[in-house]
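Hi,

Here is the structure I promised to pass on. Have a look at it first, and then read on for my notes.

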Amino acid sequence: QVRTYGHLAAHEAIHATLHHVGTEPFDVYKREHFGYASLQFVAMASEQVEEHLAEYLSSQVVSSGSTTSELVDQAFGAFVDALDVQLPAVPEDDPDYFGKGMLITFEALHILWKTLVYLAAELRLADGFEQVPDEIERLEVWQRAVAQWWDEYIGLLGEIPMSTDISIAATDEVVKQLGLHLQQWALGIGFDFHDTDDDDGGWFQILY
């Protein structure tokens, strides 16, 4: 089931409002310098926070017409396929092994985290978050790649006020913390991508 046109319009209207304001409220990486690896995670955190805000606020106006829970299975399937099929298919003697590995990894993480940020928006309450549905918590991929990091993840998202009237000073620090959490999360599921002394690159390694 796809989201209703009304919901999608409301969702995109939130993005348009933030763009119109012109302050780039969650783009802390445009205001501070980060190493190459840290930059990737902070940029992803910025996207995560804006998507969470847009999905939550749009759902208050127009129902999505479906639940994110219905989409989680598909997204998890794509995530597992990337890790268990696409990555092993890249020959280790490929001269661009690490470049291809990084591309597959970050596409997989993007799929995973975008789905989860929508799920978090669906579960968000005025003063916290609902429990994750049992049918999702029971999934092997949830236990493997999400459960350990979920509570801190929604805790950080919960520090972002659900309003387009945004305090940059207050949210920049949360976005940076979320970026660090995503980096640690990636490491925890087998992808080490961290800054090195060379400011123009980072170290990437697949650990499983």
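In what follows, buried means under 20% relative accessible area. With that cut-off, the residues of α8 that count as buried are Thr 171, Asp 172, Val 174, Val 175, Leu 178, Gly 179, His 181, Leu 182, Gln 183, Trp 185 and Ala 186. Bear in mind that this is a predicted model.

Staying with α8 for a moment: the helix runs over residues 168-188. What lies over its buried residues? The cover includes α2 (36-61), α4, α6 (140-145), α7 (147-157) and β3 (191-195). After the helix comes Gly 190, with a positive phi near 110°.

Now the core. The largest nonpolar core has 62 residues, and the members that touch the most others are Trp 113, Leu 116, Trp 150 and Tyr 153. Helix α4 (residues 97-123) supplies the largest share of this core, with 14 residues. As a general point, nonpolar side chains in soluble globular proteins tend to be buried together.

Setting aside neighbours within four places in sequence, Leu 116 is in contact with Phe 76, Trp 142, Val 146, Trp 150, Tyr 153 and Trp 185. Several of those names come back in the aromatic cluster, which is formed by Phe 76, Trp 113, Trp 142, Trp 149, Trp 150, Tyr 153 and Trp 185.

How many aromatic pairs does a search of the whole structure find? There are 12. Two of them are worth a click. In the pair of Phe 76 and Trp 142, the ring centres are 6.4 Å apart and the planes are at 45°, so this one is tilted. The pair links distant parts of the chain, since Phe 76 sits in helix α3 (residues 68-86) and Trp 142 in helix α6, 66 residues apart. Both Phe 76 and Trp 142 are buried.

The other is Tyr 153 with Trp 185, an edge-to-face pair at 5.3 Å centre to centre and 80° between the planes. Tyr 153 belongs to helix α7 and Trp 185 to helix α8, so this pair ties together parts that are 32 residues apart in sequence. Again, Tyr 153 and Trp 185 are both buried.

There is a charge over a ring too: Arg 124 lies over the face of Tyr 56, at 6.0 Å from the ring centre.

Thr 105 is another residue of helix α4. Is Thr 105 buried or exposed? Its relative accessible area is 1%, so Thr 105 is buried. Not counting residues up to four places away in sequence, Thr 105 touches Leu 87, Phe 191 and Phe 204.

α1 (residues 5-21) has 17 residues and reaches 24 Å from its first C-alpha to its last, close to the 24 Å expected at 1.5 Å a residue. Its buried residues are His 7, Ala 10, His 11, Ile 14, His 15 and Leu 18. They cover an arc of only 140° around the axis, so they sit on the same side of α1. That buried set packs against α2 and α4, while the face turned away from it carries the exposed residues Tyr 5, His 19 and His 20.

Just past α1, Gly 22 has a positive phi of about 80°. Glu 24 also has a positive phi, about 45°, although it is not a glycine. You will find Glu 24 in the loop between α1 and α2, partly exposed at 36% relative accessible area.

Two last stops. Trp 203, in strand β4 (residues 202-206), is partly exposed, with a relative accessible area of 43%. Beyond its neighbours within four places in sequence, Trp 203 is in contact with Asp 192, Phe 193, His 194 and Thr 196. Asp 73, in helix α3, has 51% relative accessibility and counts as exposed.

Cheers

Terms used:
Residues numbered from 1 in each chain as written. Predicted model: local features only at pLDDT ≥ 70, side-chain atom pairs only at ≥ 80, totals over all residues. Heavy atoms only, no water. Core = buried A, V, L, I, M, F, W, Y, C linked by side-chain atoms within 4.5 Å. Buried < 20%, exposed > 50% of the residue type's maximum accessible area, 1.4 Å probe, protein only. Helix = DSSP H or I, 4+ residues; strand = E, 2+ residues; numbered from the N terminus. Contact = heavy atoms within 4.5 Å. Expected span 1.5 Å × (residues − 1). Arc of directions from axis to C-beta. Phe/Tyr/Trp six-rings, centres within 6.5 Å; stacked < 30°, edge-to-face > 60°. Lys NZ or Arg CZ within 6 Å of the ring centre and 35° of its normal.
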